[in-house]
Amino acid sequence: MLGLKLPTDPRWVNIVEKNIEEILTDHAFCEQKATSTAISLIVSFPEYTELVQEMTALVKEEMSHFKLVHDIIIARGWILGRDRKDDYVNQLIKFFPKGGSRTTQLVHRLLYAALIEARSCERFRLLSEELQDKELAVFYKNLMVSEANHYTMFLGFARKYGVRKEVDEKWNDLLEYEAEIMKNLGTNETVHG
């Protein structure tokens, strides 16, 4: 369903389980960055009323997810660590050339967001199925559904605002590129790394 070309190696969950505190901190910041992305889309493309409406709802949802993760961190006696660089996203956003029309820029940003959400969904599914920590397994199962909805929403908007055939070609090319990135990731206790 997600269309990812390279699935995450299930052994990634073993890495995560060795440092739950680290994955939770990384996850919290992923939720904060998703909130920032939605706000940025509102600021950059205010003329797209339907997008603005959906991004407004997404801001609320992503911040509620941040709070859920932060509450788990606090309940376990930890504190939110510092944000760290996301190698996955930094490599991913190099795919499309800078510039182009406003519509092209919007489509590219929507495709990046869709893919990040798709990978998050896939990772959350793995965590929900493989984590020994049953509380977290249930938590990630619940979030997995939200991530899938976000993925389809962003991809749907890209197809709506761009030329469908071109968008689908770009999407497929981006998926291929992302698979190459993933070959060198999956060795850290981070959501995408």
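Which side chains meet in a salt bridge of 3.6 Å, N to O? Select Asp-87 and Lys-85 to see the pair. Asp-87 is partly exposed, at 34% relative accessible area. Lys-85 is exposed, at 64%. Keep in mind throughout that this is a predicted model.

**Stop 1**

The structure holds 16 salt bridges. Select Glu-47 and Arg-102 next. Their side chains form a salt bridge of 2.6 Å, N to O. Glu-47 sits in the loop between H2 and H3, and Arg-102 sits in helix H5, so this pair ties together parts that are 55 residues apart in sequence. Glu-47 has a relative accessible area of 46%, so the residue counts as partly exposed. Arg-102 is also partly exposed, at 41%.

Now pick Lys-160 and Glu-50. Their closest N and O atoms are 2.1 Å apart, in another salt bridge. Lys-160 belongs to helix H6 and Glu-50 to helix H3, so the pair links distant parts of the chain, 110 residues apart. Glu-50 is partly exposed, with 39% relative accessible area.

Then select Arg-76, Asp-133 and Glu-135 together. A network of salt bridges links these three.

**Stop 1: a buried histidine**

Go to helix H2, residues 20-44, and click His-27. Is His-27 buried or exposed? His-27 is buried, because its relative accessible area is 0% and the cut-off for buried is under 20%. Show the side chain of Tyr-140 as well. A polar contact of 2.9 Å joins it to the side chain of His-27.

**Stop 2: the largest pocket**

Which helices each supply at least two residues of the lining? Colour H2, H3 (49-75), H4 (87-92), H5 (102-130) and H6 (134-161) to find out. The largest share, 9 residues, comes from H5. By type, the lining divides into 15 nonpolar, 9 polar and 8 charged residues.

**Stop 3: Ile-15**

Finish at helix H1, residues 12-17, where you will find Ile-15. Ile-15 is partly exposed, at 24% relative accessibility. Draw a line from its C-alpha atom to that of Leu-51. The two C-alpha atoms are separated by 37 Å, and the residues are 36 apart along the chain.

Key. Residues numbered from 1 in each chain as written. Predicted model: local features only at pLDDT ≥ 70, side-chain atom pairs only at ≥ 80, totals over all residues. Heavy atoms only, no water. Helix = DSSP H or I, 4+ residues; strand = E, 2+ residues; numbered from the N terminus. Buried < 20%, exposed > 50% of the residue type's maximum accessible area, 1.4 Å probe, protein only. Polar contact = N/O pair within 3.5 Å; in protein donor to acceptor, adjacent residues only side chain to side chain. Nonpolar A, V, L, I, M, F, W, Y, C, P; charged D, E, K, R; others polar. Salt bridge = Lys/Arg side-chain N within 4 Å of Asp/Glu carboxyl O.
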